[in-house]
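Hello,

Here is the structure I promised to pass on to you. Please open it first, and then read my notes below with the model beside you.

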Amino acid sequence: MKSITIFKALATIAAMLCLATFISCEKEETNTAQQNSPKYVKAIEYYEVTLTEDFFDFYDVVATIGNSETDVKTIKFDSPVWKYSKTWDYIIPGKFTCDVIATVKNPLPEIDPDKLYTFKVESSSLLQLYDEAGHLTLPMWDGSNGTYHGMSLKGVDKVTKYVTEKYKEVVILNSSYTIK
């Protein structure tokens, strides 16, 4: 009878030790995960768009940059090459967006029937995030990085049809990244 009591006591102690081990391992994994998830202290966002002169002559181009619901900026292009960069220190927005849209000018510029018009667009976006240790995380690109669109046309009818029917509005860049 005494050996059964001792056995039960030892079994209870063993069970408690196992339970304590599992609980401490679970807490340790949670703490490790929290320590390994970086807190970002710096962000650099960069956008670039290059248009041919012909494209720029036929389209009004506007960039809309947003970093929250309240911080939205609209920029109208004044040249065929546009670059935007902003650095954020310590207070990093949770989302970065940039949309660049081109709409046909009204009225259209005069079209030379003998000129070959070239409509080409290139765009890219980049987001770099730095953690508390100052390490650059992997740079973030979105699907529209390196977007390229191009067409060369000659003749009043072809150019007019291209810009007023086929490509009345052109999405040049549609970039969005949410920090998780």
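This is a predicted model: local features need pLDDT of at least 70, side-chain atom pairs count only at pLDDT 80 or more; totals for chains, interfaces and linings use all residues.

Residues are numbered from 1 along each chain as its sequence is written, and side-chain values use heavy atoms, with hydrogens and water left out.

Lys-76 has a partner, Asp-60, and their side chains form a salt bridge at 3.8 Å, N to O. A salt bridge here is a side-chain nitrogen of Lys or Arg within 4 Å of a carboxyl oxygen of Asp or Glu. This pair links distant parts of the chain, with Asp-60 in strand S2 and Lys-76 in strand S3 (residues 72–76), 16 residues apart. Asp-60 is partly exposed, at 27% relative accessibility.

How many salt bridges does this rule give? The count is two. The other pair is Asp-54 with Lys-115, whose closest N and O atoms are 2.9 Å apart. Asp-54 sits in helix H2 and Lys-115 in the loop between S5 and S6, 61 residues apart, and the pair again links distant parts of the chain. Asp-54 is buried, with a relative accessible area of 9%, while Lys-115 is partly exposed at 33%.

Now for the overall picture. The chain has three helices and eight strands, in the order α-β-α-β-β-β-β-β-β-α-β from the N terminus on. Both kinds of element are DSSP runs numbered from the N terminus: helices are H or I with at least four residues, strands E with at least two. Of the 180 residues, 31% count as buried. Contact means heavy atoms within 4.5 Å; among contacts between residues at least 6 apart in sequence, 78% join residues at least 24 apart.

What about the inside? In soluble globular proteins, nonpolar side chains tend to be buried together. A nonpolar core is a set of buried Ala, Val, Leu, Ile, Met, Phe, Trp, Tyr and Cys residues joined through side-chain atoms within 4.5 Å. The largest one here has 35 residues, and those with the most contacts inside it are Phe-55, Tyr-59, Trp-82, Val-100, Phe-119 and Ile-172. Among the elements that each supply at least two residues of this core are strand S1 (40–51), strand S6 (116–131) and helix H3 (156–166).

Val-159, Tyr-162 and Val-163 are buried in H3. They cover an arc of only 75° around the axis (taken from the directions from the helix axis to the C-beta atoms), so they lie on the same side of H3. On the other side of H3, Asp-157, Lys-161, Glu-165 and Lys-166 are exposed.

Finally, have a look at Asp-131 in strand S6. Asp-131 is buried, with a relative accessible area of 16%. The C-alpha atoms of Asp-131 and Tyr-40 are separated by 4.3 Å, although the two residues are 91 residues apart along the chain.

Happy exploring!

Methods:
Buried means under 20% relative accessible area, exposed over 50%, partly exposed in between (1.4 Å probe, protein chains only).
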